[in-house]
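Hi,

Here is the structure I promised to pass on to you. Have a look at it first, and then read on for what turned up.

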Amino acid sequence: MGPVMIRTYDLWKQYEDEGHDGMALRGINLEIKKGQIVTLFGKSGSGKTTLLNLIAGLDVPTKGRVEIDGRDIEALGEAGRTLLRRNKLGFVFQFFNLLPTLTALENIMLSLELAGMNDKRPALEALEHVGLAGKEGRFPHELSGGEQQRVAIARALVKKPPVILADEPTGNLDSATGTQILDLLVKRCRDNEATLIMVSHALNTCEYADRVLRMIDGRIVEERSCEDLAR
Amino acid sequence: MRPGHRSSFIIVAMAALALLCAAAAASPGGLCAEEWRQAASQRQWSFPRDHGSHGEYRTEWWYFTGNLRGNDGKRYGYQLTFFRYGLATKPKQPENPWSVRDIYLAHFAVTDIGKGTFRYRDIVSRKGPGLAAAKEGRMDVRVLNWSAVMSSGRIELRADHEGTELSVHLTPMKPLALHGAGGLSKKGPAPGQASYYYSFTNLKTEGTIKTPDMVAPASVRGTSWFDQEFGSNQLAKDQAGWDWFALHLSDGRDLMVYYLRKKDGTVEKESSGTLVERDGTSRSLRLAEIEMKVLSYWTSKKSSGRYPAAWRIRIPSAAIDITASALVANQELFTTASTGITYWEGAVGGRGTSNGNEVALEGYVELTGYAGALGGVF
Amino acid sequence: MKGVVRSFLRYLVRRKSLSILQLLGIAFGVAAVVGMTLASRSALQGLGNAVDFLRGGATHTLERPAGPMEERVLASLMADPAVKHFAPVIDRKVRLEGWEQVRFLGVDPFLDRDVRSITARIGSSGKDNVREEAFSSFLFDPRAVLVDENLARNMRLSPGSTLQTSQGPFRVVHVFPNPSGEPLVIIDIGHAQELFRMKGYIDRADLVVTDEEAFRGRWATGFRLESGRQHALTLSALLGAFKLNLQALSLFALFVGVFLIYNTAMFAVVSRRRDAGVLLSIGASRGQIAAAFLIEVLILGAAGGVLGGVLGFLLSGFLVKIVGNTISTLYFFLRPEALPWSFWNLAGGVLLGTAASIIGSMPSLIELRRIQPVLVLRGRTASRGASKRARAIAVSGAFCLAAAAGLFSLSFLHVYVGFAGAFAFLLGSSLFAGFIIILCTPAAKYIFSRVMGLSGKIAVGNIRENLGRTSVAVAAFMIALSMSIGLGSMIDSFRSSLLWWMDSQLRGDLYISTKGDVNVPEELYEELKGIRGIGGIDVFRSVPMTFRGRPASITSIDASVLQRYDRFGWFEGGGENWEAVKRGSVVISESFSRRFNVKKGDVVTIEGADGPVGLHVTGIYYDYASEHGVVMMDRSTYLGLFRDRTINSLGIFIDESGADHARIIEEVKQRARSYNLPFATREEFHKRILHIFDSTFAVTRSMRILAVIVAFFGMAGALMTLFVERRKEFGIFRALGFTTGDVARMTVAESLGMGLISFFMSTVVGTVFAVILIKVINLQSFNWTIFYHFSAGPYAVTALTALAASLAAAAYPVWSVLRKYPVMQIREE
């Protein structure tokens, strides 16, 4: 495997208005190499999404730091983090989070435009790669859940970012569609040699992963295999 | 100048008022159903009473022109004229001074011959509470703050407007001259077409004059001419205008000539003149005795009127042969406030021979009916 | 960036009905300001034109300090070297049939043409015989008048027509052009003297003066010389309070408008929150998102501004009439023409719409920039911390109220400070909306669940849960309702104060000639004194004066009559004041005392006919007759001071002991009729004053309606947004077995709930606002005390308004529910 892509140092996060002490993360140290596909398991509220958001620079840790591609993202500042998301990160969400007012193609183009590219071809190609050729003019509400998620994947991958963050990408889909989406997502990441961190609670996700992590009460436990996970 | 012609001048001015009478006569108020006395027969003159107003006649004016010279030799001309025009023989509300019987108009002009400037102003007022009046019994005529008042045989003139001021007193150097037949001056062939008309042709003039260019009034002296005329008659409809000359010759003779021009281009037969000798004796001049030729013209840019500007006048019966010309070309008045007509009245000068002697001359000329409009009003 | 903007803007198209509501909200807010501004500008411009036209080329006017001026003064003016032109003027009012009073100007056509162009055209030489005849008629026919083209058009007059007036018929002989809007009738000065019974007198002389300083020196004593500039200042001071009121009203409308835009922007932010989170996560910067949002708001603002500009222009046509009527009733005749359509209406509307949008959307923008994508993407709304926030906002509201109180205590500095305080108060109160909703929730839940069952209970819960949105809607609606209650209560209080004042001061049994256009001949006064059974006759005369450079008025009365019959409301002192008044002291109105800071015991110096005279102030009385201040003195004092014997009107007091009340009244009426004088019984007189009062507040009333309309759109918009935002919930309700009717009821309940809470708040805020208007604004701008008087009317009207607006605002969402509910699913977009 290649060099380290994502590294966290003693990452803590406390939410002020969350219940109990509000401590979502309790000292996460993590190293993820380039091209690795990692799944992150955990119960609801175990801190999975929080970790993801901290890695994406969408949220600020209470303590500790995150490095992506060797650079401390806190030191990048707001503008730097925006550039980071623009060029190096791709997101896939549980609720797809397409912009409802834009068509499939426009949603993908938006991602390109923000990265400074105005070429339509890669966007059309990306749609084709996720099997939605011909549906570029549809609005999100005119697409099925699986189709929406395909668009979201195309949107995340179209700018070929080195890191893809997926938050329960199949959480809102039936299992058959979920499997298709996972196949697609992992395949596209492998093709692009992208690092994929996938938050999930569906066990079948495990099979796609190079590494399996589990979060328990804000701490990370490395699992050796999917069987261990199932226990 | 002959009666009837100046009166026609007034009538032009007052056409608006006169015409209304025709209409008003039909109205129940009977506004103009009054009778004005006519200048029909010779008059028993009595002075100084007759210098005052004659309210029983419809129109009347006191007409002063003069040629003046400052201590520094600078030359000026002035015209100050007061008109009274009766609109009604009796005011409707005699106790209310605003109730109209007469209206009073006045024209005032000063020519600065050296600078070539000409300034004038016309005003009009009813009697009102002391705003204008012409007294009976003696010469005391006022229109707003302009006045002509005679006392102890001396006439005081005052007028001012926007920095142009005149304050002079006039002393007759010759007895007054009655024009026409003992002061009854016929103005047309029809009976009753006449007015009473007399002049002081030579008034020694002293006082001050000021134009807006001057810091202070300048002392002046010179000679003035005064006409008074009154009557009640209308101008004939075929008249177009008139040329009037009042000239002082340096040998002491004063000459008045007027030509009444008809619309067909001929001259009214009643046109005439008066010659006043150095000793004050005067005689009428018939039209046939006078020869006049226009030598040059001046065209007004403002009114487009083409006015005569130089003349040769010969009166063989009096051994007079003179040329006269305007001292300033533009001495044209637009009397929008009062009479509403446009005419030329200005200082003239010239030379020639009288009784075989070389003479210089100065005086005033009035030219009406050259800037259109005049005939249409009749 | 393009994509970001596009993603936002498409909302406008996608949610058309909501966009339209928001647009209309902004448009009406802008329309209120544009309409009011145009109306007051055209009124003032009309006034300026009328003044300019009337003044002509005059540089100064000369008049006596009180009453007419002797016409012989003209001869002195004529002789004054500084006077270039002078023109006598008699300036009166005459009532035309079916019209207000119009200016009736007596002039001398000969002298006037150097000052004004009006008479210069009649009688000028020319072929137009008609015009010449006109001039002669004008000079000789005592009933001949010239009328201006506007009046001629409106009353279908042409030369030869008859003009019917309170002074009898007049014959129109000429129609003259008049670029100003003021109707004008011109008559010869001599005839004017006969008509107005003022032989030997004129009202003033209009002058063209060349050397003002020298002239002033010569005419210092016994005259009032006013330059054109001073005259304009005086007029503008005369209209000062009125102008201020118009300004304040349009500012209040703008305030509601900005609030609405804030409302609108707030909703927009709520609906964009998730999108903003998505955009942030895919690499859009916060700046880009803010910019995109701003563009959306600006487009709405600009479009609303355009629409508002057009609506405002249309509105101004209506308002200008009301404003004109009010000015005519109170000050001087004015029939201002609505300003013509101008591009600037649009530009101004857009400017206003966008500026208000920017201000109104500022808080939302800040919120948008602070958005936590983590939270919003997980589907949480801001309502989680809302109750905490609502408390924090309420605290800032409390600070606002404290600031308002501070401003009120400083309001003596300038009335604008008072206005600022009023705004601070409204703003501060509005910030309590969220807090009040929280407080009200338990009670409302109880009531609504009792009345409407589960739907009602859920509805109240919804209001509470969506506090971020509902509190703004409630705040905007509450402000509008408070203004309605406040203005209504203020007007009612004023009205009741006025009633009290009339009842204490205008106690005569019959009043002769109170309409201002005709004076009472002294002969009639003498005649009436001879009638047995009349206990007293109050001789009333009022003249304008300039006191310390500002307009005020002097009133002369018969102190012994008033002492016996009237019951003045004394601000300081009591009925014993009359004794001093009879001996030459004066009493002053409250407004005079406040305006000029004159107290009881002070000496006021008044320019009399023989120079300045000091008058001792013995008391101060309540007065609503003139906001400019009145110095009241006995007629004997007045005559000595000004030698002006004019009588404006008579108040007849019948002796109580006399049994023949009706007969005496009838006899007085008979005498008045013989002089062709109008008369009114006490009741009629009081009624007329009330009528004037009511027409004065027509503008206020129309602005009140407008504020409610604007708030209505805010309310409807808020409901719409709630509805749009919670479509998913409707799906859940459906899944749970709620019928269409249940959901419709719930929507209505939400609307009613918000309306109820708004109204509840507005009863308190509106009452305080009324007190502020009465005790601060009115006192500062009119200098008179209004006594707060509770009346249920404004509250009832406002409650009905709130109810109607709530129901109407719910109509569209309900209709949408009925139409779409059956196909709704539990589904994310």
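Among contacts in chain C between residues at least 6 apart in sequence, what percentage join residues at least 24 apart? The figure is 84%, where two residues are in contact if their C-beta atoms, placed from the backbone, lie within 7 Å. For chain A, counted over contacts between residues at least 6 apart in sequence, 70% join residues at least 24 apart.

Before the details, a word on the ground rules. This is a predicted model, in which local features need pLDDT of at least 70 and side-chain atom pairs count only at pLDDT 80 or more, while totals for chains, interfaces and linings use all residues. Residues are numbered from 1 along each chain as its sequence is written, and chains are lettered from A and ligands numbered from 1 in the order in which they are written.

Chain C

Chain C has 28 helices and 21 strands; helices (H or I, at least four residues) and strands (E, at least two) are DSSP runs, numbered from the N terminus. Its C-alpha atoms fill a box of roughly 95 × 70 × 45 Å along the principal axes. Of the 829 residues in chain C, 53% are buried, meaning that 20 or more other C-beta atoms lie within 10 Å of the residue's own, with C-beta atoms placed from the backbone.

One helix to look at is H2(C), residues 16-55, with 40 residues. From first C-alpha to last, H2(C) reaches 55 Å, close to the 58 Å expected at 1.5 Å a residue (the expected span is 1.5 Å times one less than the number of residues). H2(C) is mostly covered, with 29 of its 40 residues buried. Just after H2(C) comes C:Gly56, which takes a positive phi of about 60 degrees.

Chain A

Chain A has 7 helices and 10 strands, and 51% of its 231 residues are buried. Its C-alpha trace spans about 50 × 40 × 40 Å along the principal axes. The radius of gyration of chain A is 17 Å, which agrees with the value near 17 Å for a compact globule of 231 residues; this is taken over C-alpha atoms, and the globule rule is 2.2 Å times the number of residues to the power 0.38.

An open sheet of 6 strands in chain A has the order S6-S7-S8-S3-S9-S10, with mixed pairing (two strands pair if DSSP finds at least two bridges between them). S6(A) (89-92) and S10(A) (219-223) stand at the edges with a single partner strand each, so one side of each is left without a neighbour in the sheet. A:Phe91 has A:Leu165 in S7(A) as its bridge partner.

Where the chains touch

Chains B and C have the most contacts among the 2 pairs of chains that touch. No contact joins chain A and chain B, and their closest C-alpha atoms lie 75 Å apart.

Between chains A and C, 24 residues of chain C are in contact with 28 residues of chain A. On the chain C side, the elements giving two or more residues are H1(C) (2-14), H10(C) (240-281) and H13(C) (373-377). H1(C) gives the most, with 7 residues.

Notes
Buried ≥ 20, exposed ≤ 12 C-beta atoms within 10 Å, placed from the backbone.
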